[in-house]
Amino acid sequence: MTYQTRKGIVLTTVCGQYVLVAAKRARENCPYITEINETAADCWRRLEQGCSQDQLVSHLAELYEIPDPALVKKDVSNLLQRFLEEGYIIAV
């Protein structure tokens with residue numbers, strides 16, 4: 001599945017922590033600010049570039065040298081589900 005990041009969401013760092021900040025009209029659809037970890041921030045950047053769920057899984061499996069991408073799939077699914085539920089991304 002492919003996802004699109006909602007317009008008006010900015011990934012930034014505050015005091016060394018990654019946060020997603022909803023600006024302007026995006027605040028109507030998601031929390032104003034949410035903290036995420038470094039891996040989630042990496043996924044966010046890739047989602048902004050149009051990566052699919054399968055591409056995220058492959059990337060993380062390679063990055064963390066996990067031989068079976070299926071082990072990564074559940075974590076990626078959980079992250080994407082969180083982003084969807086909070087309104088930061090849209091399924092396309």
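Student: In which helix is Val57 found?
Tutor: This is a predicted model: local features need pLDDT of at least 70, side-chain atom pairs count only at pLDDT 80 or more, and totals for chains, interfaces and linings use all residues. Residues are numbered from 1 along each chain as its sequence is written, and side-chain values use heavy atoms, with hydrogens and water left out. Helices (H or I, at least four residues) and strands (E, at least two) are DSSP runs, numbered from the N terminus. Val57 is found in helix H2.

Student: Is Val57 buried or exposed?
Tutor: Buried means under 20% relative accessible area, exposed over 50%, and partly exposed in between, with a 1.4 Å probe and protein chains only. The relative accessible area of Val57 is 6%, so Val57 is buried.

Student: Which residues does Val57 contact, leaving aside neighbours within four places in sequence?
Tutor: Contact means heavy atoms within 4.5 Å. Val21 is 36 residues from Val57 in sequence and 25 Å away in space, C-alpha to C-alpha. The contacts of Val57 are with Pro69, Val72, Lys73 and Val76.

Student: Against which elements do the buried residues of H2 pack?
Tutor: Helix H2 covers residues 53–63, and its buried residues are Gln53, Leu56, Val57, His59, Leu60 and Ala61. An α-helix has 3.6 residues a turn, so residues three or four places apart point the same way. The buried residues of H2 pack against strand S1 (3–5), H1 and H3.

Student: Which residues does Ser52 touch, not counting residues up to four places away in sequence?
Tutor: Ser52 lies in the loop between H1 and H2. At a relative accessible area of 14%, Ser52 is buried. Ser52 touches Met1 and Thr2.

Student: In which loop does Cys15 lie?
Tutor: Cys15 has a positive phi near 55° and is a residue other than glycine. Its relative accessibility is 79%, so Cys15 counts as exposed. Cys15 lies in the loop between strand S2 (9–14) and strand S3 (17–22).

Student: Which residues does Ile89 touch, not counting those up to four places away in sequence?
Tutor: Ile89 is placed in strand S5, residues 89–91. With 2% relative accessibility, Ile89 counts as buried. Leu47 is 42 residues from Ile89 in sequence, yet the two are 8.7 Å apart in space, C-alpha to C-alpha. Ile89 touches Tyr3, Gln4, Thr5, Arg6, Trp44, Leu47, Leu80, Phe83 and Leu84.

Student: What pattern does the protein follow along the sequence?
Tutor: The protein has three helices and five strands. Read along the sequence, the pattern is β-β-β-β-α-α-α-β.

Student: What is the radius of gyration of the protein?
Tutor: The radius is taken over C-alpha atoms, and the globule rule is 2.2 Å times the number of residues to the power 0.38. The C-alpha trace spans about 40 × 30 × 20 Å along its principal axes. For 92 residues, a compact globule would have a radius near 12 Å, which agrees with the protein's 13 Å.

Student: What share of the accessible surface belongs to carbon and sulfur atoms?
Tutor: Accessible areas come from the Shrake-Rupley method with a 1.4 Å probe; for residues, only the protein chains shown count as cover. Of the 92 residues, 37% count as buried. The accessible surface is about 5800 Å², and the carbon and sulfur share is 49%.

Student: Which helix gives the most to the lining of the largest pocket?
Tutor: On a 1 Å grid over the protein atoms alone, a pocket is an open set of points where a 1.4 Å probe fits, with protein on both sides within 12 Å along at least five of seven lines; lining residues have an atom within 4 Å of a point. The lining has 14 residues, and Asn37, Thr39, Ala40, Asp75 and Leu79 lie nearest the centre. Helix H1 (38–48) and helix H3 (70–86) each supply at least two residues. With six residues, the helix that gives the most is H3.
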